[in-house]
Amino acid sequence: FKFAKDKTTDTYAVERYTKESNRLLGVLDRRLEGRDYLVGDDYSIADVAIFPWLQALDFYEGKEALEYSSFTNLEPWVQRCASRPATERGLKVTGFGD
């Protein structure tokens, strides 16, 4: 989105991937309803694998286009994942941490 949205005149591709991303965000949002993590109460490999995808939405400037704020369970989960000590260290190493 960040690097190619202005380089295409094909609205089909932009609409298709925006809708698919919204669908996936909806699946995650519903899964997190009443849960701290994706597989219940414990942090798992599922959280480790999916967290960076959502964390990257800031970098790729996609939150507004995806109406990210309408998915109320996502940001609290992202913050829980980001605040884990190992995640904080990993984000710093990659340049994505403070």
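Me: What does the accessible surface of the protein come to, and how much of it belongs to carbon and sulfur atoms?
Reply: The accessible surface of this predicted model comes to about 6900 Å², and 54% of that belongs to carbon and sulfur atoms; the areas come from the Shrake-Rupley method with a 1.4 Å probe, and for residues only the protein chains shown count as cover. Because the model is predicted, local features need pLDDT of at least 70 and side-chain atom pairs count only at pLDDT 80 or more, whereas totals for chains, interfaces and linings use all residues. Residues are numbered from 1 along each chain as its sequence is written, and side-chain values use heavy atoms, with hydrogens and water left out.

Me: What makes up the secondary structure of the protein?
Reply: The protein has four helices and zero strands, in the order α-α-α-α along the sequence, where helices (H or I, at least four residues) and strands (E, at least two) are DSSP runs numbered from the N terminus. The C-alpha trace spans about 45 × 30 × 20 Å along its principal axes.

Me: Which residues is C81 in contact with, leaving aside its neighbours within four places in sequence?
Reply: With those neighbours left aside, C81 is in contact with Y37, Y43, D47, F51 and T87, contact meaning heavy atoms within 4.5 Å. The C-alpha atoms of C81 and P52 are separated by 9.5 Å, although these residues are 29 apart along the chain. For the protein, 67% of the contacts with a separation of 6 or more are accounted for by residues 24 or more positions apart.

Me: How do you know whether S21 is buried or exposed?
Reply: S21 belongs to helix α1 (residues 11-32), and its relative accessible area is 19%, so S21 is buried. Leaving aside neighbours within four places in sequence, S21 is in contact with W53 and L66.

Me: Which residues make the nonpolar surface patch?
Reply: F3, F59, Y60 and F96 make a nonpolar surface patch of about 430 Å²; patches are made of residues with over 30% relative accessible area and no salt bridge, like charges being joined within 9 Å and nonpolar side chains (Val, Leu, Ile, Met, Phe, Trp, Tyr) within 5 Å, and a salt bridge is a side-chain nitrogen of Lys or Arg within 4 Å of a carboxyl oxygen of Asp or Glu. Y60 lies in the loop between α2 and α3, and at 38% relative accessibility Y60 counts as partly exposed.

Methods: Buried means under 20% relative accessible area, exposed over 50%, partly exposed in between (1.4 Å probe, protein chains only).
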